[in-house]
Amino acid sequence: MNTRDVVFPAGRHALYEQHRYSPAVRADGFLFVSGQVGSREDGTPEPDFEAQVRRAFANLQATLQAAGCGLDDIVDVTTFHTDPERQFDTVLAVKDEIFPQAPYPTWTALGVNWLAGFDFEIKVIARLPR
């Protein structure tokens, strides 16, 4: 089996260890980032939904940065929502701050019924800088 080129951001290792997954893996010029949630350093969720979404994006940015990437390197976004109809306006407002102008990455939003105690999750694929 090939060794994975795993990227870990500073901190937040409790969540990765508890659920046994890698935050991001480099492969063939791309960075595949696992679902990032609004977790604090100890792995617990932010209780306020908007704060949870903002922290999920901050955790995403920390993972991208650890790989030498930024938000402009994102090509594909998938988000997961426990109550999309109620949550979507909040998510869109934060998303518009993060991606304020075109060209935007592709985006797929999915309604789900379980996110391990969280209400929002974001995973992305980014191109690695040359």
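Is D28 buried or exposed? With a relative accessible area of 78%, D28 is exposed, because anything over 50% counts that way. Keep in mind as you look around that this is a predicted model.

**Two loop residues with positive phi**

D28 sits in the loop between strand 2 (24–27) and strand 3 (30–37). Its backbone deserves a glance too: phi of D28 is near 50°, a positive value in a residue other than glycine. A116 also has a positive phi, near 55°, and is likewise a residue other than glycine. You will find A116 in the loop between strand 5 and strand 6. At 32% relative accessibility, A116 counts as partly exposed.

| Residue | Relative accessibility | Class |
|---|---|---|
| D28 | 78% | exposed |
| A116 | 32% | partly exposed |
| D83 | 29% | partly exposed |
| Q87 | 1% | buried |

**Into helix 3**

Now move to D83, which is placed in the loop between strand 4 (74–81) and helix 3 (84–98). The D83 side chain makes a polar contact with the side chain of R86, at 2.9 Å. As for Q18, it is 65 residues from D83 along the chain, and the C-alpha atoms of the two are separated by 25 Å.

Helix 3 itself has a kink of about 25°, centred on T90. Its buried residues are Q87, V91, V94, K95 and I98. These buried residues pack against helix 2 (49–66), strand 4, strand 5 (106–111) and strand 6 (120–127).

Leaving aside residues up to four places away in sequence, Q87 touches F49, H81, T82 and D119.

**The pocket and a cis peptide bond**

Which residues line the largest pocket? They are L71, D72, I74, V75, I98, F99, P100, Q101, A102, P103, Y104 and P105. I98 is also among the buried residues of helix 3.

Two of the lining residues, A102 and P103, are joined by a cis peptide bond, with omega near 5°. P103 lies in the loop between helix 3 and strand 5.

Conventions:
Residues numbered from 1 in each chain as written. Predicted model: local features only at pLDDT ≥ 70, side-chain atom pairs only at ≥ 80, totals over all residues. Heavy atoms only, no water. 1 Å grid on protein atoms, 1.4 Å probe; cavity = no way out; pocket = protein on both sides within 12 Å on 5 of 7 lines; lining within 4 Å. Helix = DSSP H or I, 4+ residues; strand = E, 2+ residues; numbered from the N terminus. Buried < 20%, exposed > 50% of the residue type's maximum accessible area, 1.4 Å probe, protein only. Polar contact = N/O pair within 3.5 Å; in protein donor to acceptor, adjacent residues only side chain to side chain. Bend = angle between axes of the 7 residues up to and from the residue. Contact = heavy atoms within 4.5 Å.
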